[in-house]
Amino acid sequence: MSGTRAQPHSGFEARAAGTANGPLLVIGAGAAGMACALAAARGGAEVLLLERAADTGGTVADALIHTIGGLFDEAGEPVNAGLPLELIERLMAADPRTAPRRIGRTRVLNVDPAVYREVTRRWLAEESRITCLTDSEVTAIETRDGRVHGVRLRVGGGERRLHPRAAVDASGDAAAVRLVDPALVEPGEALAGLVVVVTGAATGALAFPKGVALIKHIRAAVAAGELPEACATLWPDSGIAADEVYLKLNLSAADFDGERMQGTLAQLLDWLRRLPEFAAARLGPCGRLGVRDGGRVRGRYRLQEADLKSARRFEDAVCAGCWPIEHWHPEQGIKLEYLPPGTRYDIPLGALAVAGIDGLYAAGKCLSAEPRAQASARVAGTCWGMGAGLGRLLAAGEVP
Ligand SMILES: Cc1cc2nc3c(=O)[nH]c(=O)nc-3n(C[C@H](O)[C@H](O)[C@H](O)COP(=O)(O)OP(=O)(O)OC[C@H]3O[C@@H](n4cnc5c(N)ncnc54)[C@H](O)[C@@H]3O)c2cc1C
């Protein structure tokens, strides 16, 4: 990676200054954006990876997601070869606690989000063709004759202009595509979530059947007014260290109030400490509010729930997905529907190509999809697959 933070060096400026053959612009350094940048760079493309936040890693690192889905199928076989497989290997080599794990009929990769951030950061740094700028974003995109022509960037406190060969919106909420035309983005339709880590729990505090009993106990406490309503859909999960428990609260992003949440968490901790397994519990790191569906682009194709259920194959497949439909409905809460056993569906390039604009793509959770199709395709491992597949095609010039 030839630069981090908001200070590109002159080598990048020289490479980026071209017009028709400017760099590939990837917006957002989360799962899909990092994978896209890495795959394109390995394919020989110069890549500018922009990240609005102060660090790379995206939702997995920022919202503390410790169970990466979509990397393995239900039999434990890797779903997508290439970078997603290399991600598994790198994460396992970096931390002996990283391991595949069964949850219901799914398999996830258990990983410490801090390890994920560090491993992916170092991986980006190995690629000399990637210039990564944090604290930076796209502020305008100009199209000409139905094609991306130029972009304006905020880079730290300054401004730059660029003529990218193509732009990939991997912002998670279609932030860049909105700049072209807000009508190209469908509104998000899922509950957000906040993850907080509790440390000091007794080993095996959630071992079967204790975890199920805890969930029932929490529901009863909410019903009795002992815990706030925000705990009604709380989902506890064992963590990475033996004394950790990850608590996932599921809420509407529009109603989220950080200060009120501090009070809720304090009340929850007090309540937990009355249970023998949590007598010595403390609040550990708290993630950023995670948005499951921040809006999906209108693409040349809209991935359908029926495509998932019928294991549909596409000629322009970019990667495969297999995660259940895990839809956190805004009013009705979680609705988990497993796909038929052995199902793998394709995600086509058409669902990543923004309708009517050549050279503009989306990858990751803001792909073009029905809400319930996105509720499967959004998991982090599948986002890695999308980004890697798209980056490879873009570097090879096999796209409009
Ligand atoms: C509460 C919750 C629980 C989840 N649980 C799981 C789970 O257990 N397992 C699983 O696999 N998945 C889970 N997911 C889903 C998964 O984490 C995300 O869908 C996935 O990581 C999204 O990856 P992405 O690359 O599309 O976007 P992100 O990882 O969100 O990356 C987008 C990046 O773009 C940056 N960005 C945004 N706007 C701009 C801009 N204008 N300019 C530059 N950069 C910008 C953001 O800062 C961010 O870094 C969960 C999600 C949530 C919210």
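**Close-up views of a predicted model**

**View 1. Helix α4 meets helix α11.** Leu83, Pro84 and Leu87 of α4 are in contact with Gly381, Trp384, Gly385 and Ala388 of α11, where contact means that the C-beta atoms of two residues, placed from the backbone, lie within 7 Å. These residues divide into five nonpolar, two polar and no charged; Ala, Val, Leu, Ile, Met, Phe, Trp, Tyr, Cys and Pro count as nonpolar, Asp, Glu, Lys and Arg as charged, and the others, Gly among them, as polar. The axes of α4 (residues 83–94) and α11 (residues 380–396) come within 8 Å and cross at roughly 130 degrees. That makes α4 oblique to α11, as angles under 35 degrees count as roughly parallel, over 145 as roughly antiparallel, 65 to 115 as roughly perpendicular and the rest as oblique. Axes are lines fitted to C-alpha atoms, for helices over the stretch in contact, with angles from 0 to 180 degrees between N-to-C directions. Helices (H or I, at least four residues) and strands (E, at least two) are DSSP runs, numbered from the N terminus.

A word on the model itself: it is predicted, so local features need pLDDT of at least 70 and side-chain atom pairs count only at pLDDT 80 or more, while totals for chains, interfaces and linings use all residues. Residues are numbered from 1 along each chain as its sequence is written.

View 2. Ten residues from domain 1 and ten residues from domain 2 form the contact. On the side of domain 1 there are five nonpolar, three polar and two charged residues.

**View 3. The parallel sheet of five strands.** Follow the order β6-β2-β1-β10-β21 through this open sheet, with parallel pairing; two strands pair if DSSP finds at least two bridges between them. The edge strands β6 (130–133) and β21 (360–362) each pair on one side only. Neighbouring strands are turned by 20 degrees against each other on average, direction ignored. Four bridges join β2 (residues 47–50) to β6, and Leu48 has Thr131 in β6 as its bridge partner.

**View 4. Antiparallel strands.** An open sheet of three strands runs in the order β3-β5-β4, with antiparallel pairing. β3 and β4 (99–103) stand at its edges with a single partner strand each, so one side of each is left without a neighbour in the sheet. Five bridges join β4 to β5 (residues 106–110), and Ala99 is partnered by Asn110 in β5. Elsewhere, a hairpin joins β13 to β14 through six residues.

**View 5. Two backbone details in loops.** The peptide bond from Phe208 to Pro209 is cis, with omega near 5 degrees, and Pro209 sits in the loop between β12 and α7 (210–223). Leu64 has a positive phi of about 65 degrees although it is not a glycine; look for Leu64 in the loop between α3 and β3.
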